[in-house]
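Open the model in your viewer and keep the sequence panel beside it. The tour below goes from the whole chain to single residues, one selection at a time.

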Amino acid sequence: MANTNDKLQELKGILAEVTDLNRAALLLEWDQETYMPRGGVQSRAEQLSTLLRLSHVRFTSDQVGRLIGELEEDLSGRPFDSDDASLVRVSRRDYDQSVKLSPDLVAEIAGAGSTARPVWEEARKEENFSLFAPYLEKNVELNRKVADALGFEDRPYDALLGRNEPGMTTAELEGIFAELKQAIVPLVADIARHADAVDDKVLHRGFDPDLQISYALEVVKRLGYDMERGRQDISTHPFESSFGPGDVRITTRVSRDFFNECFFGLVHEAGHAMYNQGIARAIDRTPLWDGASPGVHESQSRLWENLVGRGLPFWRHFYPSLRAVFPEPLRGIEAEAFYRAVNRAYPSLIRVEADEVTYNMHILIRFELENELLEGALKVKDLPEAWNTRFKSYLGIDVPNDREGVLQDIHWSYVSFGIFPGYTIGNLVGAQLMEKVRADIRDLDAQIEQGQFSALLGWLRRNVHQHGRKFTPNELLERATGRPLTAGPWISYVQQKYSALYGLHAARR
Ligand code: ZN
C-alpha cells in the first residue's frame, strides 16, 4: 500500500498533465481569436476537440477517482486551507461533476450548440424569434438534463449555478436580486429624470486608435499588470487568457469614436490578468490555479475598471497625462468633467453596453427568465413577451424588436443556463471587497490620486489572488470581509456615487 506522499505525487502528476492539456487548448483558442486565418476553422476545431477529450479521459479515469478517495481519508487531519487538503477537496468537486455528465450527454450538448448557433444568428438578423424557438426549446430541455444529471435538492437552477459558482444557491441569489431591484429600479427612474446632468459628448470627439492603446497599456502597467509575464493583442471581443503564472495575456478592441471601449476594456481585462498573475506558484499546474469562480474573477476586473478606474481620484491623477496625449479632443475639458462623462448612466437595451447602475437589471431579467423556463413556469413561445414586459417594468424602456431584445445574447444559443448571474456576483463581490479595503487602507483615495496602487494590489494579492480556487466564493468572502455575499456595499456605492453625479434628491435614496 502506497504511503500518502506517493499517492499525492501520483495524483499531482496526473493533474499536471491535465492542466497542460487544458492550457494548450486555451492557447489554441487564444490564437483562434487573434491571429488564425479564417481557413483554420476546421483543423482548429479538430485539434481542440482532441486535446479536450484527452484531458477529460485522463481526469475522469478510475485511477484519479481512487486516489482522491484514498487521499480524502489520509488528509482528513490537514488544515482546511492547506494546499494539499484544498487540492483534494476541489479535485473531488470537479471529478464528481465531470463523471456525472455522460459522454453521450456532453456530445449532445455540443451538437445542439453548434446546430443552434447559426439559427440564432439568422433569427437575430431577421428579428424573428420564432425561427430560433424550437432550438431554444431543445436547449432548455438539455439544461434540465444537465441539472438532473448533476443532482439538486431544491431547485434545478441550483445544480447549474453550482457548476459555475460553487456553494451559491438560487434562493440566496433571489434574496440578493430582490434587494437590488428594490434599490435600483427607483434610482434608474430618478437618473432618467435628471439625464441632462451628465454630458459625455467629449468621449466621441475622435481619439487616435494607436495612441489609445499605448496610453491604456501604460496605465495598466502602472496599476500592476506585469508585461514581463503578459502581452496585449487585438480581438473582436476582448478577453483575458492564462497559460501559467508566467504567461497571462489580454486582448482589446479600439474605436476612434468612443473612448471608453479601449481604455476601460483594457483596465477590465488587466484586472482579470492581475488576478491570475497573483495566484500562488505553489499551486501551479493543479486545478487550484485559477480564479475562485467566474463571478469572483469578474469582481477583480470590475473593481479595477469601475471602483478604481471610474473614480474621481483616479482621473485627478491620470487626466493631465491623458490630456497631454490627446490635446485636441480634450480641449476645454477639466478632470472632473471627464470623470462625469465616463460615468454617464442611462437605461438601455443592450447588456454589454449597459452602465454600472443598470447592468445588474439586465442580469436579473435573464436570471428570472432562465429559472422560469427551467421550471416550466414559462413557455419558450411566450419568452419575448415576458422579456419585453420586464424591460418596461425594471428599466422603463420599450423593446422595439427581438434583435435588441431577447435575441441579443449568444448565451442561449448553447446550453449555458447559470452563467449570467456571475456578472452580477462580480459587481457585488467587488464592492464588498472594496468596502473592506477602505477600512484597512484609510488613505486609499489619496494613494490613488498620487498614482500609487501597490497597497491596493497587495491587499487583493493577500486576500483574494494567492488562494486561486482553494475557496468557494462565499468561503473567500467570509475570510476576506467577515461575511458571505451581500448586496449592501454595492447598493450604497452606486447610490452615493450617482446621487452626487446627477444631483438627486437625498430623500429619494
Ligand atoms: Zn470580465
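How far apart are the mean positions of the positive and negative charges of the protein chain? The 60 positive and 76 negative charges have mean positions 3 Å apart. Lys and Arg count as positive here, Asp and Glu as negative, while His and the chain ends are not counted. Each charge is placed at NZ of Lys, CZ of Arg, CG of Asp or CD of Glu.

This is a predicted model, in which local features need pLDDT of at least 70 and side-chain atom pairs count only at pLDDT 80 or more, while totals for chains, interfaces and linings use all residues. Residues are numbered from 1 along each chain as its sequence is written, and side-chain values use heavy atoms, with hydrogens and water left out.

**Whole chain**

Along the principal axes, the C-alpha atoms fill a box of roughly 75 × 50 × 50 Å.

Switch to a surface. The accessible surface of the protein chain is about 21,800 Å², and 50% of this belongs to carbon and sulfur atoms. Areas come from the Shrake-Rupley method with a 1.4 Å probe; for residues, only the protein chains shown count as cover. Of the 509 residues, 55% count as buried (buried is under 20% relative accessible area, exposed over 50%, partly exposed in between; 1.4 Å probe, protein chains only). Among contacts (heavy atoms within 4.5 Å) between residues at least 6 apart in sequence, 72% join residues at least 24 apart.

**Helix H10**

Select residues 259-277. H10 has 19 residues and reaches 27 Å from its first C-alpha to its last, close to the 27 Å expected at 1.5 Å a residue. The expected span is 1.5 Å times one less than the number of residues. Since 18 of its 19 residues are buried, H10 is largely enclosed by the rest of the structure.

Pick Val 267 within H10. Val 267 is buried, at 0% relative accessible area. Beyond four places in sequence, Val 267 contacts Val 220, Leu 223, Trp 304 and Glu 305. Its C-alpha is 8.0 Å from that of Val 219, which is 48 residues away in sequence.

Now move along H10 to Asn 276. Asn 276 also counts as buried, with 2% relative accessibility. Which residues touch Asn 276, leaving aside neighbours within four places in sequence? They are Glu 240, Ser 242, Val 248, Trp 289, Asp 290 and His 297.

**Arg 285**

Go to the loop between H10 and helix H11 (294-308), where Arg 285 is found. Arg 285 has a positive phi of about 60° although it is not a glycine. Most residues other than glycine have a negative phi. Arg 285 is partly exposed, at 38% relative accessible area.

**Between strands E2 and E3**

Select Phe 243, in the loop between strand E2 (240-242) and strand E3 (248-252). Is Phe 243 buried or exposed? At 12% relative accessibility, Phe 243 counts as buried. Show the side chains of Arg 23, Leu 26, Leu 27, Trp 30 and Arg 249, which Phe 243 touches beyond four places in sequence.

**Between helices H5 and H6**

Next, zoom in on Glu 127, in the loop between H5 and H6. Phi of Glu 127 is near 50°, a positive value in a residue other than glycine. Glu 127 is partly exposed, with a relative accessible area of 36%.

Asn 128 lies in the loop between helix H5 (103-126) and helix H6 (129-150). Asn 128 is partly exposed, at 27%. Beyond four places in sequence, Asn 128 touches Ala 123 and Leu 407.

**Helix H16**

Finish with residues 421-440. H16 has 20 residues and spans 29 Å from its first C-alpha to its last, close to the 28 Å expected at 1.5 Å a residue. H16 is mostly covered, with 14 of its 20 residues buried.

Key. Helices (H or I, at least four residues) and strands (E, at least two) are DSSP runs, numbered from the N terminus.
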